[in-house]
Protein chains: 4
Amino acid sequence: MLEEASLKTLHHQELLSRFKEVRSRTAAICHPLSTEDHLPQVVFYASPPKWHLAHTTWFFEEMILKPYAHDYREFDSRFSYYFNSYYNSIGKRTKREERGSITRPGVNEVYDYRIHVDNGIEKLCEHPLSDDVLDLLSLGIRHEEQHQELLITDLKVALSCNPSHPVYATDVDYAGGYDSQDDGWKTINEGVYTIGAAAEMKEAFDNEQPAHRVYLYPAALRKSLVRNAEYLAFMEDGGYERPELWLDDGWSWKNDHQVSHPMYWMKQEDDWFRYSLSGLQPVDGNELLCHVSYYEADAFAHWAGYRLPIEAEWEAMAAELEWGKRWEWTGSAYRPYPGFRLPSGPTSEYNGKFMVNQMVLRGASPATAQRHSRITYRNFFHPEMRWQFSGIRLAKDQ
Amino acid sequence: MLEEASLKTLHHQELLSRFKEVRSRTAAICHPLSTEDHLPQVVFYASPPKWHLAHTTWFFEEMILKPYAHDYREFDSRFSYYFNSYYNSIGKRTKREERGSITRPGVNEVYDYRIHVDNGIEKLCEHPLSDDVLDLLSLGIRHEEQHQELLITDLKVALSCNPSHPVYATDVDYAGGYDSQDDGWKTINEGVYTIGAAAEMKEAFDNEQPAHRVYLYPAALRKSLVRNAEYLAFMEDGGYERPELWLDDGWSWKNDHQVSHPMYWMKQEDDWFRYSLSGLQPVDGNELLCHVSYYEADAFAHWAGYRLPIEAEWEAMAAELEWGKRWEWTGSAYRPYPGFRLPSGPTSEYNGKFMVNQMVLRGASPATAQRHSRITYRNFFHPEMRWQFSGIRLAKDQ
Amino acid sequence: MLEEASLKTLHHQELLSRFKEVRSRTAAICHPLSTEDHLPQVVFYASPPKWHLAHTTWFFEEMILKPYAHDYREFDSRFSYYFNSYYNSIGKRTKREERGSITRPGVNEVYDYRIHVDNGIEKLCEHPLSDDVLDLLSLGIRHEEQHQELLITDLKVALSCNPSHPVYATDVDYAGGYDSQDDGWKTINEGVYTIGAAAEMKEAFDNEQPAHRVYLYPAALRKSLVRNAEYLAFMEDGGYERPELWLDDGWSWKNDHQVSHPMYWMKQEDDWFRYSLSGLQPVDGNELLCHVSYYEADAFAHWAGYRLPIEAEWEAMAAELEWGKRWEWTGSAYRPYPGFRLPSGPTSEYNGKFMVNQMVLRGASPATAQRHSRITYRNFFHPEMRWQFSGIRLAKDQ
Amino acid sequence: MLEEASLKTLHHQELLSRFKEVRSRTAAICHPLSTEDHLPQVVFYASPPKWHLAHTTWFFEEMILKPYAHDYREFDSRFSYYFNSYYNSIGKRTKREERGSITRPGVNEVYDYRIHVDNGIEKLCEHPLSDDVLDLLSLGIRHEEQHQELLITDLKVALSCNPSHPVYATDVDYAGGYDSQDDGWKTINEGVYTIGAAAEMKEAFDNEQPAHRVYLYPAALRKSLVRNAEYLAFMEDGGYERPELWLDDGWSWKNDHQVSHPMYWMKQEDDWFRYSLSGLQPVDGNELLCHVSYYEADAFAHWAGYRLPIEAEWEAMAAELEWGKRWEWTGSAYRPYPGFRLPSGPTSEYNGKFMVNQMVLRGASPATAQRHSRITYRNFFHPEMRWQFSGIRLAKDQ
């Protein structure tokens with residue numbers, strides 16, 4: 001018993017320290033932004049930075065402070081409605097596409113809100129916490145870590161709408177970079193494999209669980225990720241004009257949106273450039289491809305004579321692959337694992353409700369929080385989405 | 001050698017006989033329609049009957065007669081363009097949503113086209129056929145069998161737009177009917193199972209192949225399908241107003257289209273009716289539910305405390321279930337089987353290009369051609385689609 | 001008294017004879033159409049021929065037979081709803097854009113409906129008619145005459161959707177033709193003029209009344225209408241790419257719909273052709289321009305250094321102009337004349353409710369019923385519409 | 001000659017003084033706004049305050065300083081593109097609906113831009129100015145005065161999107177207020193009247209010219225404007241549900257946008273409130289109605305048994321009416337006066353290109369710049385627009 005109590009105290013301290021670190025990193029991400037940059041919602045799928053700052057805070061206030069901290073004074077009762085994202089069961093929420101219209105509270109007030117809630121959590125942590133609260137605190141931290149990456153991708157799409165190609169930071173560019181360029185293949189034998197997060201993995205999200213067995217066939221995954229030069233070869237070979245390479249929904253998407261190159265690319269005279277967080281950069285053929293949709297990834301793999309990995313193949317081989325520079329589109333639809341159960345309580349809407357029409361991405365990007373970089377992690381997006389730091393790994397049957 | 005030749009002749013004769021039967025059934029399906037009923041395209045996803053009549057014919061002309069019947073005289077060179085459906089590699093095609101605007105050729109001319117091509121095929125069959133031609137003939141027959149069911153569902157949606165609720169035939173109603181109402185459960189043990197069509201199954205489509213092993217967990221499937229009374233209980237319990245029961249994309253779909261009941265249902269005073277091919281019918285609580293989307297099926301299962309089967313569970317147990325009255329939504333996204341290969345040649349676009357954003361349905365409906373009613377058959381539609389004869393089977397983990 | 005009764009009888013006989021002639025002409029216009037051609041609604045603003053056939057009949061049944069012919073037996077009570085066009089006060093009506101989905105009643109049944117109502121009117125006319133009925137009969141005839149021109153323009157747009165460029169009749173082409181090509185100008189002096197239809201003009205519609213005085217300034221109208229060669233010069237001079245020539249709403253319309261030539265024109269190799277009711281025809285520079293929108297007419301006039309006439313100028317000079325080959329866009333918005341009053345009763349919705357956002361066209365086309373070809377007639381369409389037989393006359397200040 | 005030079009100097013001094021006053025008032029209007037409030041574009045037709053601040057400045061830089069001030073140093077060469085509004089002939093411009101996405105330059109930089117240009121103009125004014133420059137300076141001032149009212153209406157619609165109903169200023173509410181409530185009628189006799197701005201009226205815009213004669217019929221205009229209580233009676237009498245009261249395009253607009261009350265009104269329990277610049281206010285029956293569209297104004301007048309005035313009637317009687325509290329919808333389409341000529345040069349796009357699909361409003365609002373409050377002034381908007389301070393005056397034939 002004693003030991004368990006000690007472990008719990010340790011966990012408590014570790015969580016608080018991690019809480020402070022996470023909260024401070026979110027603010028740091030926004031540091032290069034002007035007040036104005038915090039505001040606009042330029043596409044329906046990307047939220048304003050101000051909204052991320054407030055919503056991650058709202059999670060701690062709504063899920064922990066309001067139910068569990070008895071002497072906590074709510075910062076502003078209207079925020080409960082303003083900064084709810086998608087938790088339909090908690091009450092009314094601002095329509096997603098109208099988030100950019102809300103100018104009040106202002107940016108400074110949102111930063112005050114953060115401090116107020118930070119103080120509330122720190123004060124709460126002065127006393128022993130129940131397991132429920134510890135679990136929620138852990139979830140809130142991981143929730144904010146997830147939002148940090150979204151915040152980065154969302155502020156990039158917002159900055160990109162300024163015709164001046166503004167520089168966020170001269171030394172930050174999550175969409176560039178190289179790997180070893182070892183184009184060899186890693187193989188796997190036929191058989192039953194276990195994938196998914198074990199029950200004791202506290203960090204794992206509900207959608208990574210339970211660990212379970214799958215039957216795999218002989219396959220090989222390329223060690224390196226696809227590079228810009230390879231993708232340019234696809235483009236120059238008419239990849240965007242050849243219907244036989246594309247999924248039917250992908251072909252429609254490409255035509256409807258007149259897509260002919262990765263997101264953020266633009267041609268000036270005869271040269272390709274890409275908008276990055278460090279401003280406009282020439283497309284370097286040796287750098288890793290970034291900002292493609294699942295449709296493009298699938299068409300590229302088809303053109304190259306390969307296919308995309310399925311997520312179980314990826315997870316079974318991950319320990320031996322070079323990964324972490326891109327979110328890698330897999331050929332697996334985002335569906336629950338066998339035995340998956342929705343969590344009970346307010347966090348029941350966390351992952352399960354998105355399990356349709358989306359594809360799984362595996363790996364991580366340079367913008368991913370360290371602790372989310374693990375081989376069981378399941379990221380997911382609709383197949384037309386490209387504003388994440390997404391790339392391509394090739395696979396083939398053996 | 002002799003034996004093989006004999007087998008081939010037998011196959012040849014059998015195919016010809018099946019060809020005649022299929023061709024004549026398609027025309028019979030359209031018999032109750034007026035000339036006018038053959039024409040309109042009332043929703044983007046349902047083609048006019050005239051178009052089905054012509055397109056199934058086009059397949060035989062374009063894939064078999066033009067390349068293989070050397071003395072064949074093309075009926076009308078423009079039809080190649082008019083009645084191509086989705087074969088992007090074959091050339092330009094009429095935009096899907098504009099098929100209802102084409103009044104010429106007229107309905108009678110399309111029937112003449114059918115006879116012309118029927119004669120062409122019969123004449124070709126007077127001589128020995130290569131394996132390639134036999135395979136294409138078989139595919140063309142199965143293609144038309146698939147279109148027969150689409151034709152029925154498409155003409156239903158077209159007739160339903162007439163405010164008079166027209167009767168197609170007094171004795172035809174594929175969306176009614178009962179099963180045994182045995183609500184017991186059929187269970188399956190954990191282990192490795194083989195599903196998919198064996199290579200020697202000539203009837204199978206590319207997407208059912210190859211046969212392959214999957215690892216399944218203990219589960220149970222309800223023997224009977226969901227009945228109208230059960231679905232009415234969901235509706236009366238506020239099923240359409242409770243976000244926690246719905247997938248996020250489903251909740252948006254429901255709101256955007258103001259859906260509050262299965263397709264074709266309407267309330268008159270206090271009673272529910274449904275439009276059927278035999279006209280307006282009262283909703284009978286004991287009849288099998290029909291015309292629901294995947295989103296509704298998933299929400300209903302959630303409400304009932306169960307889930308939908310995945311396709312491997314369904315196939316592994318199918319021999320012991322009562323099925324064939326409804327296309328049953330599964331919880332499996334439509335993706336290729338391990339080792340799946342696209343066919344080569346003009347039929348390469350047949351199935352593979354649709355393998356994204358769609359869910360698999362298993363089973364069959366009363367409108368399904370007999371030979372397509374098999375346990376390996378994979379039907380698939382986007383999750384919001386409801387005009388097929390779709391229903392719900394419940395499943396649970398054991 | 002006696003004399004007045006005689007006049008009335010004469011009027012009665014004349015109306016009946018005109019009724020028969022009009023009814024028979026409508027059917028004759030549809031004679032070259034196949035059953036199928038009667039059905040589709042290919043654009044929201046053009047109704048199916050079947051609908052015109054039925055709706056003009058509905059007017060006589062609903063406005064005259066049902067209220068005034070006591071022994072009249074309604075043909076089908078559902079038609080009252082099906083074939084109401086826009087008379088909101090009479091009850092529910094089929095949504096305009098869904099008219100093409102109604103296959104039942106069929107085309108033959110609609111022709112039977114016509115005969116049934118024709119018989120009803122003829123039987124009613126065997127007895128003396130009240131002034132109210134005579135007025136409604138006259139209005140019904142003129143209503144059908146208006147629909148005849150719409151029927152012709154609507155069937156043209158429907159036939160044009162067939163990729164085969166079908167021929168309606170080899171000798172019918174309302175969009176071709178020449179005038180004298182006298183490019184001189186007719187002038188008018190400053191002063192007060194009277195325009196509009198005098199109260200005793202029974203044929204006139206409510207919107208042409210009352211006759212009233214307007215103050216005009218010195219102006220000149222070109223005697224001839226604009227020819228294709230002149231419009232080609234505008235096109236070749238970059239007319240569609242020069243924003244300074246266009247009204248702001250016109251520039252948006254042009255860009256949104258990618259308009260770069262008159263409706264029905266298409267370029268094949270280096271030559272311009274136009275789809276006409278006699279099939280595809282080369283564009284003849286000397287023929288009168290047809291099928292342009294108000295926006296195009298205004299931009300052309302601007303480019304040419306002139307302006308469009310206002311309707312009062314046109315009417316004041318019409319007796320001395322050559323007109324009747326095209327509906328001529330004027331620079332006058334369609335608004336009520338001073339002293340205009342809405343008619344009472346069911347015909348109150350006839351014209352007044354359209355008096356916003358539309359521009360007046362004066363003149364007539366070769367498809368206009370003889371009796372509608374008069375100098376006080378006010379035709380009107382939204383400025384982006386081009387499927388009428390519309391053309392351009394130039395004007396200038398003196 | 002001496003005298004003329006003196007007059008010019010006087011004019012020069014007066015313009016400079018007015019320039020300073022106008023520039024300072026624009027900034028004062030924005031004073032109560034937070035940085036964030038300057039940014040969003042919440043509806044396509046309302047521009048962000050930041051954009052108004054910059055665009056009015058751009059006009060002086062682009063039209064005067066760059067061509068005429070030889071030692072002027074451009075503030076930022078990119079602004080020429082960013083802040084062009086609709087002057088197609090001057091070059092590329094930001095798409096109107098994307099103005100809210102531009103966060104850089106920021107708000108402070110835009111205020112710096114204003115000071116830079118103000119200094120430029122003041123320096124230019126140290127020397128004698130040509131007539132051309134004086135005219136452009138006068139136009140720039142009037143242009144900014146027009147934008148001041150748009151700025152106010154645009155910031156109101158932006159603030160209204162905040163669910164907190166923010167207060168812009170406690171003592172500012174342009175949409176409230178009373179008139180004398182004298183519901184008597186002012187009459188006019190039949191005859192020829194002169195309206196429009198005389199050539200020597202330097203303040204007048206091109207669209208108010210030339211002065212010209214019109215023929216009017218006996219009519220009467222109500223002295224007072226329509227009050228909220230009168231409009232509530234229309235609403236309670238089913239005004240929004242009775243199609244016979246509405247123009248056809250208005251009925252569609254009302255249904256498509258589910259309009260059932262004036263803009264900014266909302267019902268809480270049984271009471272009506274309206275959002276105003278001083279926050280949420282109860283609807284006071286005696287206050288003047290505000291924020292209605294032309295369609296609503298026309299339907300209301302129809303319901304009341306009257307009509308809207310035409311602009312010539314209004315102008316001919318204006319001296320004897322009480323006006324200036326609302327922009328009054330007239331029944332006149334916005335078209336050029338006889339003899340109207342487009343200005344030459346860069347200001348040619350000022351007014352003429354909008355002369356289609358819009359209706360004229362006469363009068364002024366409390367937000368109108370003093371000098372724009374004149375009887376010849378022609379304001380104009382599309383008939384569905386309601387975010388201006390628009391109201392209703394009734395008229396009738398005598």
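1. Let me start with the contact between chain A and chain D: 22 residues of chain A meet 21 residues of chain D, where two residues are in contact if their C-beta atoms, placed from the backbone, lie within 7 Å. On the chain A side, the residues that touch chain D are nine nonpolar, eight polar and five charged. Here Ala, Val, Leu, Ile, Met, Phe, Trp, Tyr, Cys and Pro count as nonpolar, Asp, Glu, Lys and Arg as charged, and the others, Gly among them, as polar.

2. A word on the model before going further. This is a predicted model, in which local features need pLDDT of at least 70 and side-chain atom pairs count only at pLDDT 80 or more, while totals for chains, interfaces and linings use all residues. Residues are numbered from 1 along each chain as its sequence is written, and chains are lettered from A and ligands numbered from 1 in the order in which they are written.

3. Now the contact of chain A with chain B, which takes 26 residues from chain A and 27 residues from chain B. On the chain A side that touches chain B, β3 (212-216), α7 and β8 each supply at least two residues; helices (H or I, at least four residues) and strands (E, at least two) are DSSP runs, numbered from the N terminus. The largest share of that side, three residues, comes from β3(A). By class, the side of chain A that touches chain B has 13 nonpolar, six polar and seven charged residues.

4. The same surface serves both copies, since 100% of the contact residues of chain A recur in chain B.

5. Which pairs of chains do not touch? No contact joins chain A and chain C, whose closest C-alpha atoms lie 15 Å apart. Chain B and chain D do not touch either, and their nearest C-alpha atoms are also 15 Å apart.

6. Chain A itself has nine helices and 12 strands. Its radius of gyration, 22 Å, is close to the 21 Å that the globule rule gives for 398 residues, so chain A is as compact as a globular protein of that length; the radius is taken over C-alpha atoms, and the rule is 2.2 Å times the number of residues to the power 0.38. Of the 398 residues of chain A, 46% count as buried, where buried requires 20 or more other C-beta atoms within 10 Å of a residue's own, exposed 12 or fewer, and partly exposed lies in between, with C-beta atoms placed from the backbone. The domain assignment gives domain 1 (2-160) and domain 2 (185-397) in chain A, and such bounds come from an automatic or database domain assignment. The C-alpha centres of these two domains lie 28 Å apart.

7. Helix α8 (residues 294-304) of chain A deserves a look: 10 of its 11 residues are buried, so α8(A) is largely enclosed by the rest of the structure. Those buried residues include Tyr294(A), Phe300(A) and Trp303(A). They pack against α6 (228-236), α7 (248-256), β8 (327-333) and β9 (359-363) of chain A. After α8(A) comes Gly305(A), with a positive phi near 90 degrees.

8. Not counting residues up to four places away in sequence, Phe300(A) touches Val226(A), Tyr231(A), Phe234(A), Gly239(A) and Ile392(A).

9. Finally, some backbone details to check. Cis peptide bonds join Arg104(B) to Pro105(B), with omega about 10 degrees, and Arg104(D) to Pro105(D), with omega near 10 degrees. Tyr264(C), not a glycine, has a positive phi of about 80 degrees, and counts as buried with 20 C-beta neighbours inside 10 Å. Glu269(D), not a glycine either, has a positive phi of about 55 degrees, but counts as exposed with 4 such neighbours inside 10 Å.
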